[in-house]
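Thanks for making the time this morning.

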Amino acid sequence: MSFDDLLADDGRVEPRDEMPDAYRRTLIRQIAQHAHSEIIGMQPEGNWISRAPSLRRKAILMAKVQDEAGHGLYLYAAAETLGVERADLLDQLHTGRQKYSSIFNYPTLSWADVGAIGWLVDGAAIVNQVPLCRCSYGPYARAMVRVCKEESFHQRQGFEILHTLAHGTPEQHAMAQDAVDRYWWPSLMMFGPPDDSSPNSAQSMAWGIKRFSNDDLRRRFVDMTVPQAEILGLTLPDPDIRWSEERGHYDFGPIDFTELGEVIAGNGPCNRDRMAHRVGAHEAGAWVRDAATAYEAKRAARAEGAA
Amino acid sequence: MSTAWPLWEVFVRSRRGLSHTHVGSLHAPDAELALRNARDVYTRRQEGVSLWVVPSSEIVASDPGERDAFFDPADDKVYRHPTFYDVPEGVEHL
Amino acid sequence: MTSFDYVLALADDALVSAQRMGWWISRAPELEEDLALANIGLDQLGQARSLLSYAGVVEGAGRSEDDLAYLRDDRDFRNVWLVERPQTDFGVAMARLLILSAYQGELYAALARGTDPTLAAIAAKAVKEVAYHRDHARLWTLRLGDGTDESHARMQAALEGEWPHVEELFAPVEGAVVDPSTLRAATLARIESVVHEATLSVPDVAPAIGGGRRGLHTEHLGHLLADMQHLHRSHPGATW
């Protein structure tokens, strides 16, 4: 079956199938960016592991940040089925030639930010990722099934953190509100530019990599989140949010994408710190990776000699 | 030096009575660590009772280009399936 | 009778180790190792929580695991020096884990057979976790010791740095269920066999003075606790 017939039949493309170069390149770029986002995303939350306010919260947070390493790993593995190597993708991340999600260039200033990331950022990620479980490329779709299964605990723990804070002391409530105020708009921007200025979307939809448009997904997220905010007892920092009987959706105010542009351009609050942390860890680990490789080479040589 | 660690494919038996199923891959410098990494990466949520790791380079795969020659000839051998046969009404345990 | 101080000693070793291990998540040499170290840290944290809860019961003053973790000052912590010093080098982390897991393996095995049923139950679970830590530390000690010239030198240096803190593990604690000195021979035998197998040598260095079991610590513990406790203490009585 040809590539086009497969797509027309809603079939799955598998690694060794023939596929157009542009399809392969698009997938590599998207999966790599997704993987990079997972591993850079370990940092803002990892920032609170040492300070988590209870041992229960500390355990949950460690498990969550660990999951993100796992998600990055699944995704790099999916990208590798397309003929690239993880080491090369990491190199492209480290040298700034590939991007990661801009949301992780915002700082976690208080414990409530850990809650806001779980509720809003992971919530937005889930809305983005669930359709990817049906992506036309088999290994990516399978990786996303695994990620989504694990991700649902992430959003719940974030909601639980905020719910506890919002119903705690006045200081805790203020902390929660401040976190939501800072993370709301960046979360909406996670869905990408509006459909009328999203040049690659149409091709990705035709290839079955993308199933819904940026604006559709963003609307779905807002519809899901507004009632949850009410239950939390927190307000969303947008005076224009109101239910539209006529459209069957929540209306919301215009998104100012100029800040996102700045963050993507490298001028966000944490861009340099995130890269320095990531590159620093990678370089500090080089002697360890080399040692393990050398050890295995010696073992193999001994086995050869004994044979 | 800095050569990347090789890729391994991971297979998990989710419970006794089932066969090992491919769940994904990972990088490891050698077989011992590959097995331990597989435990840490793929069985954190009690997904398994047994693990296999196989160097990805050792997998021999059929060629998608030969798919027709490999798999299409099985299409018309319907007599291999029990539903191909007519059984008179009332016959049991067959 | 099991003493409060004894349970605290075990609990604080685990808690402070977990706190140090948490630092590694996002900083390991490879992604697979991020997951492995997180698993080890989570095991240690789980042991700490069970032990702290039990310490609260033994004390009988109604203190919870969080009260004990967050509201004690460093003079009230009972952990050994081995676990409280920074470990931002992978070789140091593995050398320390090699020592700690060898000791905890013997300790938990003995406690699981011991006279205190609560500690026996906690230890029966922990002994399996620590077996994995011991295995992980062994595999990495072998690879670093017998890897490259650089890794050999760094692993030897890491061992030299940790070795002065081995003896404190066997210092007496009042009300101990298992006399720490009875664990010494088996613990050292385990560590030393891995050190030799890794082509490294057992350091010949004098033991540090120690004093963690009596609440006398290095300066590092105060910083670790300031970081760990600050948020909790900033909101007295709050629920998280």
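Let me begin with a pair of helices in chain A, where the crossing of α4(A) and α7(A) is left-handed. Please keep in mind throughout that what you see is a predicted model. The two helices in question are α4, residues 55-80, and α7, residues 138-166, and their axes come within 10 Å of each other, crossing at roughly 160 degrees. Since angles over 145 degrees count as roughly antiparallel, α4(A) is therefore described as roughly antiparallel to α7(A). If we sort the residues of the contact between α4(A) and α7(A) by class, we find 12 nonpolar, 4 polar and 9 charged.

Helix α7(A) also has a contact with α2(A), and here the axes are 12 Å apart and the packing angle is about 25 degrees. That angle makes α2(A) roughly parallel to α7(A), and the crossing of this pair is left-handed. On the α2(A) side the contact involves A:Leu27, A:Gln30, A:Ile31, A:His34 and A:Glu38, and these meet A:Tyr140, A:Met144, A:Val147 and A:Glu151 of α7(A). By class, the residues in the contact of α2(A) with α7(A) are 5 nonpolar, 2 polar and 2 charged.

Which residues does A:Thr26 contact, once neighbours within four places in sequence are set aside? They are A:Ser204, A:Trp207 and A:Ile209. A:His36 is likewise found in helix α2 of chain A, and at 0% relative accessibility A:His36 counts as buried. Not counting residues up to four places away in sequence, A:His36 touches A:Gly41, A:Tyr76, A:Leu89, A:Leu90, A:Leu93, A:Gln98, A:Lys99 and A:Tyr100.

Let me move to chain C, where helix α5, residues 90-112, and helix α7, residues 149-162, have axes that come within 8 Å and cross at roughly 50 degrees. The two helices are therefore oblique to each other, and the crossing of α5(C) and α7(C) is right-handed. From α5(C) the contact takes in C:Gly91, C:Val92, C:Met94, C:Ala95, C:Arg96 and C:Ile99, which meet C:Met155, C:Ala158, C:Leu159 and C:Glu162 in α7(C). These residues of the α5(C) and α7(C) contact divide into 7 nonpolar, 1 polar and 2 charged.

Now for the interface between chains B and A, in which 22 residues of chain B are in contact with 21 residues of chain A. The area buried between the two chains is about 1900 Å², with carbon and sulfur atoms giving 50% of that area. B:His27, B:Arg44 and B:Arg45 supply 25% of the area that chain B buries against chain A, which is more than any other three residues.

I will finish with backbone angles, recalling that most residues other than glycine have a negative phi. B:His93, although not a glycine, has a positive phi of about 55 degrees. Is B:His93 buried or exposed? B:His93 is exposed, with a relative accessible area of 82%, and lies in the segment after α2 of chain B. C:Ser26 also has a positive phi, near 100 degrees, but C:Ser26 is buried, with a relative accessible area of 8%, in the loop between α1 and α2 of chain C.

Terms used
Residues numbered from 1 in each chain as written. Chains lettered and ligands numbered in written order. Predicted model: local features only at pLDDT ≥ 70, side-chain atom pairs only at ≥ 80, totals over all residues. Heavy atoms only, no water. Contact = heavy atoms within 4.5 Å. Axes fitted to C-alpha atoms, helices over the stretch in contact; angles between N-to-C directions. Helix = DSSP H or I, 4+ residues; strand = E, 2+ residues; numbered from the N terminus. Parallel < 35°, antiparallel > 145°, perpendicular 65-115°, else oblique. Left-handed = near helix turned anticlockwise from the far one by under 90°. Nonpolar A, V, L, I, M, F, W, Y, C, P; charged D, E, K, R; others polar. Buried area = accessible area lost by both parts, 1.4 Å probe. Buried < 20%, exposed > 50% of the residue type's maximum accessible area, 1.4 Å probe, protein only.
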